[in-house]
Amino acid sequence: MMMTKGSIYFNGKIFTANPEQPYASAMAVLDGKIIAVGEKEEMPEIDGDQIDLQGKRVLPGLIDAHLHPLYLANAAKQIPCTPPVVYSIEDLIAEIKKQVETEGKDKWVEAWGYDEGKLEEGRTPTRWDLDRATLEVPVVVTRTCGHIVSVNSIALELAGITRDTPNPFGGEIDRDEEGVPTGILRENARNLVFKAMPVQTLEDNANILAELSPFLLSHGITGITDLLARKETFEYIDLYNEAAGRGLKQRSVLYYVKEDLEEEHAFTKTSLDRENQIFIGGMKMFADGSVSGQTAWVNPPFLGRKENSGIQMTTREELLAGAEMAERNGVQLAIHAMGEQAIDLIVDSFHGRKGWLQDGPSIRIEHAAMPTDKALRRAAEAGIAFVPQTVFLFAEIESYIKNLGAERTKRNYPVKTMLESGILTALSSDAPATAWADPVNPFIGIQSAVTRVAYDGTDTGQEERVDVETAIELYTREAQKITRIPGVGQLAEDYYADFIVLDRDILAISPEDIGEVTVEKTYLGGELVFEKEAVSEKL
């Protein structure tokens, strides 16, 4: 039977992520969907293009199951606090001075991505450091994890933070021996400054997201999430739909911060429709902070001169209320949890409670850095999904070793054990919350999961290594099961023809070289949307 409006792709090394047919050399695509997978001689007749894949490795389009696209796009326009620009606090001060001279005194200065473990001084910048850069312009410097900021004195003044300001629940204002705020604000204390900062318009942010899209496509990322969607200044669903009209191509799932939501009728039928390019997938809560910033709720405490078990950011009652709200709206509940105590709180709260979604996990734990054996068992029994980021171990090894010690670090993000425990798991980047120059690069995350070796050669836990195929599946098929984007994640019949062509064979090269893999072409629904020569390698 003759068909039209289609294409045959042949002579490829296709890894489909379909367990029933993992490998093939050809695909037939009609009206954006795959109608056949196998060998070229098995393809149906199509009155369309015959596209030679030239023996290249082909994968399904990658899905980043935990990402902050708007923060990533904005961070790219801020002062980078990473090499080769910043190696020390003194370098940071110099960069701030330069920006004030260039931009003038009417604009806040923002910087992103410092990790005190990589700074020559080995400490977090304070208000007094930043005051040396300027006493006239407010400065906000965000740590790589995104959970801690350092601000100068004028920023503290604009936020109304004094020695008499109490710590908000789930947050901490660092103070010196005399009780004076140091300018370091942890977790919810950051919001005091954020509320004082100027707000960009929806249109400005839509343009920024649209500009980010080709950069993500250049990394083979065809499905994205936003794990910090907001309603305070403008609706993120409106923002993303506007960005789609301006060129954002990725299929996108939004997770709204619970505190922003009204109790009843939080979402509309249209905004929840998963057949749309942009849809709302869930709500987001926080149980603790970060490992590298020593705000994760851990047990035993972090290493250091004083006992510190991190910050508890929610309660059992709040978690149960969040689940009830998510169930009423038919969406997932995503909960940030890194430390043992935070993860235990979640799994104990929901163990024995039936999920409300039939086509995916009702509850997903973001990061899940340090699950106990009990938590692993109970999470599997409760059908709770985990979304870890092995890239943290790769990029932030100095802070992990300093805060946890070498042996405990090796037990972080135990992906192999998660899978063996029967937990639905996806890899992701959490970009830009990673101390790496290119934080969203999925091949760095895959390399870290496969080798369990940090960028500097430090062993991060060989017992938790997974093979390359499994790591790819955690960025494709398994990520789809968690994000619930329909019709993607595999190259199989009736799935969208979202796929990428690589410059080298990721299944044949040395695992230590996976991070060097680049994408030559990216297709969405069978349409070529990125070609390597057509876009800059840098955002």
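Is Ser213 buried or exposed? With a relative accessibility of 1%, Ser213 counts as buried (buried is under 20% relative accessible area, exposed over 50%, and partly exposed in between, with a 1.4 Å probe and protein chains only). The points below set out this residue and several other features.

1. Basis of the note. This is a predicted model, in which local features need pLDDT of at least 70 and side-chain atom pairs count only at pLDDT 80 or more, while totals for chains, interfaces and linings use all residues. Residues are numbered from 1 along each chain as its sequence is written, and side-chain values use heavy atoms, with hydrogens and water left out.

2. Surroundings of Ser213. Ser213 lies in helix α6, residues 202-218 (helices are DSSP runs of H or I of at least four residues, strands are runs of E of at least two, and both are numbered from the N terminus). Residues up to four places away in sequence aside, Ser213 touches Gly247, Leu248, Lys249 and Gln250; contact means heavy atoms within 4.5 Å. From C-alpha to C-alpha, Ser213 and Lys249 are 6.3 Å apart in space, although 36 residues separate them in sequence.

3. Strands β15 and β16. Strand β16 (residues 251-257) is mostly covered, seven of its seven residues being buried. Strand β15 (residues 221-229) runs parallel to β16, and five bridges join the two; strands count as paired if DSSP finds at least two bridges between them. Within this pair, Gly223 stands opposite Arg251 of β16.

4. The six-stranded sheet. An open sheet of mixed pairing is formed by six strands in the order β9-β10-β11-β12-β14-β13. Its edge strands, β9 (79-80) and β13 (171-175), each pair on one side only. Strands β10 (residues 109-114) and β11 (residues 139-143) pair in the parallel sense over five bridges, and Trp112 stands opposite Thr142 in β11. Helix α2 (residues 89-103) packs on the sheet and touches β9, β10 and β11. The direction of α2 makes about 150 degrees with that of β10; axes are lines fitted to C-alpha atoms, for helices over the stretch in contact, and angles run from 0 to 180 degrees between N-to-C directions.

5. Cysteines. The count of disulfides comes to zero, a disulfide being a pair of cysteine sulfur atoms within 2.5 Å. Cys81 is in no disulfide, and the nearest cysteine sulfur, that of Cys145, is 12 Å away. Cys145 likewise is in no disulfide. Cys81 is buried at 4% relative accessibility, and Cys145 is buried with a relative accessible area of 8%.

6. Helices α9 and α10. Helix α9 (residues 340-350) packs against helix α10 (residues 373-382) at an angle of about 40 degrees, with the axes 9 Å apart. The two helices are therefore oblique (under 35 degrees is roughly parallel, over 145 roughly antiparallel, 65 to 115 roughly perpendicular, and the rest oblique). The contact involves Ile343, Asp344, Val347, Asp348 and Phe350 of α9, and Lys374, Ala375, Arg378, Ala379 and Ala382 of α10.

7. Strands β21 to β23. Strand β21 (residues 499-502) runs antiparallel to strand β22 (residues 519-524), with four bridges between them; Leu502 stands opposite Val519 in β22. Four bridges also join β22 to strand β23 (residues 527-531), again antiparallel, and Tyr523 has Leu528 of β23 as its bridge partner. β22 and β23 form a hairpin with two residues between them, and Gly525 in the turn has a positive phi of about 55 degrees.
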